Amino acid sequence: MSTTAPERKDFAANKRLREIMGEYFAQLGRGPAEGKKTAWCTSVGPAELLWAMGFNVFFPENHAAMIGAARMAAEVIPLANAKGFSPDVCSYLTSDIGAYVKGASPLQKMGLSGPPKPDVLVFNTNQCRDVKDWFQFYAREWNVPCLGIHTPRAIGEVDRALVQFVAHETAALVEPLEAVAGAKLDVDRLREVIGISRRTTERWKAVLDMGARAPAPLTFFDGTIQMAPAVVMRGLPEAADYYDLLLAELDQRVRDGVAAVEGERFRLYWEGMPIWGKLSALSGQMLSLRAAVVASTYCNSWVFEALDPNDPFTSMAEAYSSIFICRSDDRKERYIEEMIARYRVDGVIYHDAKTCPNNSNCRYGLAQRMMDRTGKPFLVINGDLNDMRLYSEEQTRTNLEAFVEQLDQS
Amino acid sequence: MPLFGGIDIGASTAKLVVIDGQRRVVARAMRRSGVDYAQTAQRALEEALAEAGLTGAPVDRFFSTGYGRDNVPFAHDRRTEIACHGKAAFHAFPQAITVLDIGAQDCKVIHLDAAGRRTGFKMNRKCAAGTGAFLEEIAYRLDLNPAELNGLAERSVREAPLGSFCTVFAATEILEKIRAGVKVEDIIKGAFRSVVKRLVEMDTITGALVLTGGVVAHNPLLVRLIEETFNRPALVPPLPQFCGAYGAALYAAESFEQLNQPSTG
């Protein structure tokens, strides 16, 4: 008995992706020598403000995901656990702090000694409380300021009062940031950066929208790699330019009828965090099952359509309060329902990530409700974003195979 | 008459059946899964055929399932254990059913509609609670052979409840109960109840309830406790421990018949 799995198809654009990401990290490394200040920012934090004020911006979540993807997490998480951070809290936090304790980093392979030391840390609690706890650890460690925006969670309608509150908190960052930067904020520069971010976000959305084509020219697994510029470089012109290049290649794939998953038989939606240490294995299994994960909430979480250069603070507040993760379940359900229809998916995979309750959306009956509403079957995978001690290879493999068997019978 | 085979290489044991065209079991074997699944499968097949007086008989189509499903060189195809347990259970009870399969390493809840189509399924999390491994650990702690558990639990008149989710913590609870002088049979019945509690929290039951797997095969008291808890009769197919293998053999038979359908063209 043998099954030949189709190959994963790389993008020619990846060469350029590696170049711009390499340059991004090299700039972070050169920053202090060039007199540039470094700000650490949460991935859906007010990065535009930081770029506009001349900071190099580093995203610890990106670093933590790299630790996960490099399969370094298992050796460093216990070091953070020993420091008092429970194995039950965010494994991005424990991976990153554990790596710091060990003096290890995937950036060392890129010639950096590790993450650049911050001059200031800026969080937004729109994702979770853990980001604040995470940043405060480093603030204590290095005696640098830790500033933040306290966006509420489980938001229903993003109304005027909420946007005003978040805009006010964002504007309140300016003065302390100016003190660190040693310069005043130039609002015109902020408008310019927001314009670039808006352009990046539009291009990134266009990339993800390509997954709606049948067969899909890219998958969620491609998305987890391709999303890097949309997260860490969204306020820099290279990111939007890169997506123009990728879009051209995707257009060509569509014209040529090239499928990301050769012989695409089923189309699936991924809800929840990626399992960074298992992306390759999972992608390979889906290829062999000829099931394409054509869309995800996760990759779409860096689409900020509300950004408006004409109204910088209010539009940033609206954009960063509208993201899926900080919304109420009824809003999340509406969103997923719309995605299921738009991407014409046959079923939904929910990843219940043990250490990420804030982005494990199947814990309050949502998966069952969505199946009742849409008629699309679902599968829950128990795992984690980074902590592979919480992941069972065999159970996940069997679950995915059985789910595709189930789709096959109907 | 053609023969079809199925093997379920599970976490603990490998089960193999050979069936005929009428779907009757004509040979079967069970042995420890061991560490060399290919060899285990080969030996199980030889043993089953020899015991049935069919040594050397060709098996026309053979499917594998279970953890070791990818390691059976002579299998023509494979299905997951979820598919196979559902298939066997529906073959025995052709109606809308929920199958609870309690294996050594995992539990499964499988929903099938009245036509035998799967509408959903769940496996336990990465945790041994509610599985055969849990009962094996309890037997070890009590210095018993797992085969003795059911007989002892049947004698219990005062069940000792276990509160813990976790196999390791449950074992600690048991040590406390031993120290407090609680009778062994009461502890075992408490452990059985704990398995049932884990099943209850996995999913809801739709349609008739069917139980499969080795734990059910060896512990009739557990079947009664499940019936009591779910407040409905539990249907147990013949050879519950062989259901996965039997389901695989049913798939093999179907596949053979499809491949050998007379051409209508």
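Residues are numbered from 1 along each chain as its sequence is written, and chains are lettered from A and ligands numbered from 1 in the order in which they are written. Since the model is predicted, local features need pLDDT of at least 70 and side-chain atom pairs count only at pLDDT 80 or more, while totals for chains, interfaces and linings use all residues.

Chain A is divided into domain 1 (27-189) and domain 2 (195-409), with bounds that come from an automatic or database domain assignment. The C-alpha centres of these two domains of chain A lie 23 Å apart. Between them, 40 residues of domain 1 of chain A are in contact with 34 residues of domain 2 of chain A, where contact requires that the C-beta atoms of two residues, placed from the backbone, lie within 7 Å. On the domain 1 side, helix 2 (47-52), helix 3 (60-69), helix 4 (73-82), helix 5 (91-102) and helix 7 (160-171) of chain A each supply at least two residues. Helices here are DSSP runs of H or I with at least four residues, and strands are runs of E with at least two, numbered from the N terminus. That side of domain 1 of chain A comprises 25 nonpolar, eleven polar and four charged residues. In this classification Ala, Val, Leu, Ile, Met, Phe, Trp, Tyr, Cys and Pro are nonpolar, Asp, Glu, Lys and Arg are charged, and the others, Gly among them, are polar.

The contact between the chains takes 15 residues from chain A and 18 residues from chain B. Helix 17 (residues 393-409) of chain A gives the most to the chain A side, with nine residues. By class, the side of chain A that touches chain B has four nonpolar, eight polar and three charged residues.

Chain B contains nine helices and ten strands. Its division is into domain 1 (1-93 + 238-265) and domain 2 (95-236), and 26 Å separate the C-alpha centres of these domains of chain B. Here 14 residues of domain 1 of chain B are in contact with 24 residues of domain 2 of chain B. Helix 2 (residues 81-92) of chain B gives the most to the domain 1 side, with six residues. The residues of that side of domain 1 of chain B divide into eight nonpolar, six polar and no charged.

Within chain B, strand 4 (residues 61-66) is largely enclosed by the rest of the structure, because six of its six residues are buried; a buried residue has 20 or more other C-beta atoms within 10 Å of its own, with C-beta atoms placed from the backbone. In a regular strand the side chains alternate between the two faces of the sheet. Accordingly, Arg61(B), Phe63(B) and Thr65(B) point one way from strand 4 of chain B, and Phe62(B), Ser64(B) and Gly66(B) the other way. Strand 4 of chain B pairs in the parallel sense with strand 1 (residues 3-9) of chain B over six bridges, pairing being assigned if DSSP finds at least two bridges between two strands. In this pair, Asp8(B) stands opposite Thr65(B). Strand 5 (residues 77-78) of chain B also pairs with strand 4 of chain B in the parallel sense, over two bridges, and Ser64(B) stands opposite Arg78(B) there.

An antiparallel arrangement joins strand 7 (residues 107-112) of chain B to strand 8 (residues 118-123) of chain B through five bridges. These strands of chain B form a hairpin with five residues between them, and Gly116(B) in the turn has a positive phi of about 85°.

Note on methods
A residue is buried if 20 or more other C-beta atoms lie within 10 Å of its own, exposed if 12 or fewer, and partly exposed in between; C-beta atoms are placed from the backbone.
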